[in-house]
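Thanks for making the time this morning. I would like to go through the aromatic rings and then the ligand site, so please keep the structure in view while I talk.

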Amino acid sequence: MKSLVILISGRGSNMQALMEANLPARIAAVISNKPEAPGLETARSRGYETIVLDPRSYPDREAFDQKLAAAIDAYAPDLVALAGFMRLLGDNFVSRYKGRLINIHPSLLPAFPGLHPHRQALKEGVKVHGCTVHFVTAETDRGPIIIQAAVQVMPDDTEETLAARVLRQEHRIYPEAVRWFMKDRLKLSDNSVEVSDADFDNSVLYSPGLSK
Ligand code: GRF
């Protein structure tokens, strides 16, 4: 069976969605760069192996990235999924995992990369917002897009209400992307994404029924 390593930094709700999705893959381990990440306890309580690698214990980014890669490679996973992993990864790390490193970002990329995407969306007054699963490349939040889901922005939205609406879609599209990958329906070739035999369109998912 194929396997997956999940990297987290916090709450871990996307990690949890992957755990609950009945994926055709084994979650080999959960790795956090934050010792206090609440998601670690969720993973432990469900019997998953967890590893904490605190960047403060390493002299520089390259040293941390090398240690992280060694920890991941011990499981020889088919895929590495960043799930709220709030740390930039260096070019060497990213190229080592080319085509098997994916991320979820809570905006319709390329709009609103980086921090506070919901705040940025409200500030710009967009009417449609959402989330994106993409392959990770050297440029943060700019890798080839695998799947997106859109939600409506309501006139009375706050960052919190908008984040919650988007998060429900994150929990829907991330397992879907991982499922495609594990079933060999998804691959990165020449920096573009190929999805074959998908049972739904991977361009934009929008369901008013799910947007509330
Ligand atoms: C999610 O919105 C994810 O897209 C973003 O950070 C948040 C993490 O949430 N990168 P969780 O830890 O998965 O609950």
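Let me begin with the charged end of Arg-87, which sits over the ring of Phe-64 at 4.4 Å from the ring centre; for that wording, NZ of Lys or CZ of Arg must be within 6 Å of the ring centre and within 35 degrees of the ring normal.

Before going on, a word on the basis: this is a predicted model, in which local features need pLDDT of at least 70 and side-chain atom pairs count only at pLDDT 80 or more, while totals for chains, interfaces and linings use all residues. Residues are numbered from 1 along each chain as its sequence is written, and side-chain values use heavy atoms, with hydrogens and water left out.

Now to the ring pairs, where rings of Phe, Tyr and Trp (its six-membered ring) pair if their centres lie within 6.5 Å, with planes under 30 degrees apart counted as stacked, over 60 as edge-to-face and the rest as tilted. By this rule there are 2 aromatic pairs. Tyr-58 and Phe-64 make an edge-to-face pair, 5.8 Å centre to centre with 70° between the planes. Phe-64 is buried at a relative accessible area of 1%, whereas Tyr-58, at 23%, is partly exposed; buried here means under 20% relative accessible area, exposed over 50% and partly exposed in between, with a 1.4 Å probe and protein chains only. The rings of Phe-93 and Tyr-97 have centres 4.7 Å apart and planes at 45°, so this pair is tilted. Phe-93 is buried at 2%, and Tyr-97 is buried too, at 0%.

Turning to the ligand, which residues are around it? They are Arg-11, Gly-12, Ser-13, Asn-14, Gly-84, Ile-104, Pro-106 and Glu-170, each having a heavy atom within 4 Å of the ligand. An N or O atom in the side chain of Glu-170 is 2.6 Å from a ligand oxygen, and a backbone N or O atom of Gly-12 lies 2.8 Å from an oxygen atom of the ligand. Taken alone, the ligand exposes 370 Å², of which the protein buries 85%, with areas from the Shrake-Rupley method and a 1.4 Å probe.

Notes. A polar contact is a pair of N or O atoms within 3.5 Å; within protein, one must be able to donate a hydrogen and the other to accept it, and residues adjacent in sequence count only if both atoms are side-chain atoms.
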